[in-house]
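Please read the points below with the structure open beside you, and take them in order. They begin with the ligand and then turn to the packing of helices.

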Amino acid sequence: MTRDGSGTTADHGDGEALLAWYIDAGADEAVSEEPVDRFAAARPAARRNIRDAVRTAPAPGPAMTPRTRALPQSHEQTFDNARQLAAGATTLDELRAAFESFEGCALKATAQNFVFADGNPEAGLMFIGEAPGADEDRQGLPFVGAAGKLLNRMLRAIDIDREQAYITNIIPWRPPGNRTPTDAEVAMCLPFARRHIELVAPRILVPLGAVAAKSLLGTTEGIMRLRGRRKIYRTDDDREISARPMLHPAYLLRRPAAKRETWRDLREIRRDLAGTGS
Ligand code: URA
């Protein structure tokens, strides 16, 4: 039992609601055993952040003097930069390095880790989610938290181990508080996701949830309408890949009743992989 500001006692329900509110706001980690006076720490911390940003920014190239670097890039320039970096990568290692060096997505500044991919790129089955959550950010791997554990169980249900699939996200940096990424954040990372798919060249691509499905398939249709249907994903070099959008495992954790449809989708994927899909 706790006391709130009104002088009345609050029950456990209120405590849980408050905890959920903190988690939604991004305060989802205990960073220290001792309380910290943030007001006293504010000035040095701000200086430290600027120093870190300068230290981690790429060295100015010949056409990039410190003076021009201080000018904000337009969204178009940043997007062109993303496209060029992604297109220049000819292997997954090169893509990882190019993406990690990309400075055009503000989420990089608040994330702990760059989360690229996990699993087997030769597997023929590629899952793409939205963006890392807290566990993924901590470990630097996609889908290792509660949603990832459910994804593992879903795969096992169709006799596939996590190592027999390749797993990544549209965005490799965790949005603060697990908020939905903005359209601009998705747009800046999309050229890398598209090149990622091109390089892996899976037989079946599975966008998980609305953000991945809509951005990859270039549609405004909702995930409830997209799931359960086979779609064609077209790469930038004009190859066709079979796509099977599915509900996001995090959604299934909140709405277990939707697992029934997902079970159907998984069986279709299994059939497609076995080569007996229509
Ligand atoms: N949700 C995602 O979309 N991706 C992850 O890696 C984890 C949770």
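1. In this predicted model, a backbone N or O atom of A131 lies 3.0 Å from a nitrogen atom of the ligand, while an oxygen atom of the ligand is 2.9 Å from a polar backbone atom of F143. From the side chain of N169, an N or O atom is 2.8 Å from a nitrogen atom of the ligand; a polar contact is a pair of N or O atoms within 3.5 Å.

2. Of the 240 Å² of accessible area that the ligand has on its own, the protein covers 91% (Shrake-Rupley method, 1.4 Å probe). The residues surrounding the ligand, with a heavy atom within 4 Å of it, include E130, E136 and H248.

3. Helix α5 (residues 92-101) and helix α9 (residues 183-200) pack at about 170°, their axes 10 Å apart, which makes α5 roughly antiparallel to α9 (angles over 145 degrees, on a scale from 0 to 180).

4. The axes of α9 and helix α10 (residues 210-217) come within 11 Å and cross at roughly 75°, so α9 is roughly perpendicular to α10 (65 to 115 degrees). V186, L190, R194 and I197 of α9 meet V211, S215 and L216 of α10.

5. Residues are numbered from 1 along each chain as its sequence is written. In this predicted model local features need pLDDT of at least 70, side-chain atom pairs count only at pLDDT 80 or more, and totals for chains, interfaces and linings use all residues, while side-chain values use heavy atoms, leaving out hydrogens and water.

Notes:
Helices (H or I, at least four residues) and strands (E, at least two) are DSSP runs, numbered from the N terminus. Angles under 35 degrees count as roughly parallel, over 145 as roughly antiparallel, 65 to 115 as roughly perpendicular and the rest as oblique. A polar contact is a pair of N or O atoms within 3.5 Å; within protein, one must be able to donate a hydrogen and the other to accept it, and residues adjacent in sequence count only if both atoms are side-chain atoms. Contact means heavy atoms within 4.5 Å.
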